[in-house]
Amino acid sequence: MRSSTVSNKDVAVDAGLWMVLRYAVYTLLMFALTTSLPLILQQENIAAFKEGELIEWCQLILLISASGILLYGAFTRHQGILRLLGCLSAFAALRELDTLFDRMLPVTGWKIGYLIIVYALVSVYMDKKAIKDQIRDFLKTHAVVILWTGFLVAIPIGQLVGHGTFLKALMGEDYIRDYKRIIEESLELMGYLLILAGSIEALVERGKVEDERWR
């Protein structure tokens, strides 16, 4: 009994250390990202923030990575909630490629990505009994907090702070349209990095739940 207690404590300590390490990596990545933005502006000017350029490709990589992690967790751990989140991230990635898809598919354009949402909703409906418990468990994790924070930074904050009307009112005659693009794209990039971090934590959390059930 005593050895079992010690073992459980050791597992908890190891898990805590790994969590601290992961959060340290996320923090370093965020610092690296924010400090690199001025350097990018100095070297490439506004061009890096335009459609199809460096910042957009970085956003795309982050979203595709998050989607891949979540969908991997969905199919290996049979978790409908991860499949839903992975589909939402995949939809966001496709939305970032709106210009490309509008050229390739003149009729539907990037809106063909809504098929991903339809698939996600159908999957949720087909698995509605199990997914209720999964959602309840997921809402207790810290992964949901990181994912929600990433969403808030990328969408409402990124869109509202980077909104032309707001910046015009703030800057008056000093307003330049490029400011809008830089602020909006920078905040989206930071939000997507948080979404990637939240996706990693979601996979880790689901693994912990499975381990607990098998003990």
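The structure is a predicted model, in which local features need pLDDT of at least 70 and side-chain atom pairs count only at pLDDT 80 or more, whereas totals for chains, interfaces and linings use all residues. Residues are numbered from 1 along each chain as its sequence is written, and side-chain values use heavy atoms, with hydrogens and water left out.

The protein chain contains 9 helices and 0 strands, where helices (H or I, at least four residues) and strands (E, at least two) are DSSP runs numbered from the N terminus. Along the sequence, the chain accordingly reads α-α-α-α-α-α-α-α-α. Of its 215 residues, 36% count as buried, a term that stands for under 20% relative accessible area, with exposed meaning over 50% and partly exposed in between (1.4 Å probe, protein chains only). Among contacts (heavy atoms within 4.5 Å) between residues at least 6 apart in sequence, 69% join residues at least 24 apart.

Two of the helices were examined for their span, for which the expected value is 1.5 Å times one less than the number of residues. Helix α2 has 24 residues and should span 34 Å at 1.5 Å a residue, which agrees with the 34 Å between its end C-alpha atoms. Helix α3, with 17 residues, reaches 25 Å from its first C-alpha to its last, close to the expected 24 Å. The buried residues of α2 include I55, L60, L62, L63 and L70, and those of α3 include I81, L82, F91 and L94. After α2 comes H78, whose phi is positive, near 55°.

Within helix α2, L63 is buried, with a relative accessible area of 1%. Leaving aside neighbours within four places in sequence, L63 is in contact with S89, A92, A93, E96 and Y192. The C-alpha atoms of L63 and F91, which are 28 residues apart along the chain, are separated by 9.1 Å. In helix α9, by contrast, D178 is partly exposed, with a relative accessible area of 33%; D178 and A47 lie 131 residues apart in sequence and 9.8 Å apart in space, C-alpha to C-alpha.

Leaving aside neighbours within four places in sequence, F138 is in contact with I81, L85, A143, V144, L147, A202 and R206.

The largest pocket holds about 740 Å³ of space. On a 1 Å grid over the protein atoms alone, a pocket is an open set of points where a 1.4 Å probe fits, with protein on both sides within 12 Å along at least five of seven lines, and lining residues have an atom within 4 Å of a point. The lining comprises 26 residues, with A92, F151, I155, Y192 and I195 nearest the centre of the pocket. Helices α2 (54–77), α3 (80–96), α7 (143–161) and α9 (177–214) are the elements that give two or more residues to this lining. By class, the lining residues divide into 15 nonpolar, 3 polar and 8 charged, where Asp, Glu, Lys and Arg count as charged, Ala, Val, Leu, Ile, Met, Phe, Trp, Tyr, Cys and Pro as nonpolar, and the others, Gly among them, as polar.

Note on methods
Grid points are joined across faces, edges and corners, and a volume is the space filled by probe spheres set on the points.
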